[in-house]
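This report walks through one protein chain, part by part. Have the sequence and the 3D view open while reading.

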Amino acid sequence: MKHPSSSRPTLLALALLLAPAAQAMEPAAAPTSAQTDLVALHPCAIVGEKNKDKISDYQTACATEIARGDVQLVPSEQVRSFLDKEPRKSCARPKKPSECLGRLATATQASRAVLITVNPGQLTRVSGLVVNPGGEIVDQKSIQIRSRGQPQEELLRTALTRLREQLNFVPLKITPLVEQPAPPPLVATPPPAQGPATGTAQAEPPRTSVPPEALGMSQEAPRTGRTWKTPAAYGSAGAGVVALGLAGFFAISSNSDMAKSNEFYKDNTYPTYNQLGEIVALREKASNKRTVAGVSAGVGAVLVGAGAYLWLNDRPAAPAPGVAALSVGPQGVSVLGFLP
């Protein structure tokens, strides 16, 4: 069945109108060459060394030291595959190495391309060049260390460590702002129930918040209590009283011994030769007891005096006229104080 020719313009116009809508409904295609946080490390360029074995060792030490930390490197096979296509097989030889490094970053889909140049010797120099995929120099630094008797390998590792800490390998990541969700819509409260008497809706009168009255508390400053001097005074006085009591006991005992020794001379009689030893012993005991009584009396007097001194110097002080007040209200809390 053939359609009339007049309907063809109408169908064409309808197709043109529906085309943009169909394109908008299709999902967006993913980018084919998205840049990552990988770093394309160019083989380290060794300057001033002709021994191939040492050059290989220096390149290995350089790559190992740069790969430490959180740096994620592009596989060396991809870097070597790109360099094989370059005219001089290296980005260190052209006059503008940044352009070659930019092509290296683009080819390996890396965010940075890095070239490390090492010049070993008595004065070891290492330099780093960091380039983005556009061929622009992001960072460039140089470190030099003079040898003080340490081996060349240790000197090289120290210089590379300092260079790695200063070079900007990976671009800073900016955390995207998270859009806050819209607040939920307000829910309408149901109308109040009708009163049983009138049958009409009676709204409950709003409750006005009555601010609580301020609570006031006042308190006088506490009295100053006694310190350690009072217990020390009591202890010292007690020890002094005990010492004085011992002094009295020894004094009485000394007088008793002396009285016993004098009984041998009662009624104007004289002791016999055998009684002289007993008399001498009694008088020596009396003398010793008197000495102990004197020392004990002196110590007791000192202890009692010290206790009295400590007790008198530790009397409670007069109350200070300080007042503190606390006020709590609806707007906050206030503290009022008067220092003595």
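## Helix α4 and Ser98

S98 sits in helix α4, which covers residues 97–107. The model is a predicted one. Is S98 buried or exposed? Its relative accessible area is 14%, and the cut-off for buried is under 20%, so S98 is buried. Leaving aside residues up to four places away in sequence, S98 touches V131, G135 and I137.

S98 belongs to a list of buried residues in α4, together with C100, L101, G102, L104 and A105. What do these residues pack against? Their partners are β1, α3, β3, β4 and β5.

Most residues other than glycine have a negative phi. Just after α4, however, Q109 takes a positive phi of about 55°. Q109 is not a glycine, and its place is the loop between α4 and β3. With a relative accessibility of 34%, Q109 counts as partly exposed.

K89 also has a positive phi, near 60°, and is likewise a residue other than glycine. K89 lies in the loop between α3 and α4. Its relative accessibility is 44%, so K89 counts as partly exposed.

## The disulfides

A disulfide is a covalent bond between the sulfur atoms of two cysteines. How many disulfides does the model have? The count comes to two. When the bonded cysteines are numbered in sequence order, the pairing reads 1-2, 3-4.

The torsion about the S-S bond of C44 and C62 is about -75°, which means that the disulfide is left-handed. Both C44 and C62 are buried.

The other disulfide is formed by C91 and C100, whose sulfur atoms are 1.9 Å apart. Here the torsion about the S-S bond is about -55°, so the disulfide of C91 and C100 is left-handed. C91 counts as buried because its relative accessibility is 0%. C100 has a relative accessibility of 1% and therefore counts as buried.

## Nonpolar cores

The largest nonpolar core has 22 residues. Which of them have the most contacts inside the core? They are C62, V114, I116, V118, V126, L160 and F169. The elements that give two or more residues to this core are β1, α2, β3 (112–119), β4 (123–131), β5 (137–146) and α5 (152–166). The largest share, five residues, comes from α5.

Not counting residues up to four places away in sequence, V118 touches A45, I46, V47, C62, R125, V126, L156 and L160.

## The largest pocket

Rolling a probe the size of a water molecule over the atoms shows where empty space is left. The largest pocket has a volume of about 300 Å³. It is lined by 14 residues, and those nearest its centre are C44, A45, Q59, S90 and R93. The elements that give two or more residues to the lining are β2, α2 and α3 (76–84).

A306 lies in helix α7, which covers residues 276–312. A relative accessible area of 32% means that A306 is partly exposed. How far apart are A306 and A233 in sequence and in space? They are 73 residues apart in sequence and 6.9 Å apart in space, C-alpha to C-alpha.

## The chain as a whole

The chain contains seven helices and eight strands. Of its 340 residues, 24% count as buried. The chain exposes about 24800 Å², and carbon and sulfur atoms supply 60% of that area. Among contacts between residues at least 6 apart in sequence, 63% join residues at least 24 apart.

Definitions and conventions: Residues numbered from 1 in each chain as written. Predicted model: local features only at pLDDT ≥ 70, side-chain atom pairs only at ≥ 80, totals over all residues. Heavy atoms only, no water. Disulfide = S-S within 2.5 Å. Buried < 20%, exposed > 50% of the residue type's maximum accessible area, 1.4 Å probe, protein only. Helix = DSSP H or I, 4+ residues; strand = E, 2+ residues; numbered from the N terminus. Contact = heavy atoms within 4.5 Å. Areas by Shrake-Rupley, 256 points an atom, 1.4 Å probe, with all protein chains shown as cover. Core = buried A, V, L, I, M, F, W, Y, C linked by side-chain atoms within 4.5 Å. 1 Å grid on protein atoms, 1.4 Å probe; cavity = no way out; pocket = protein on both sides within 12 Å on 5 of 7 lines; lining within 4 Å. Points joined across faces, edges and corners; volume = space filled by probe spheres on them.
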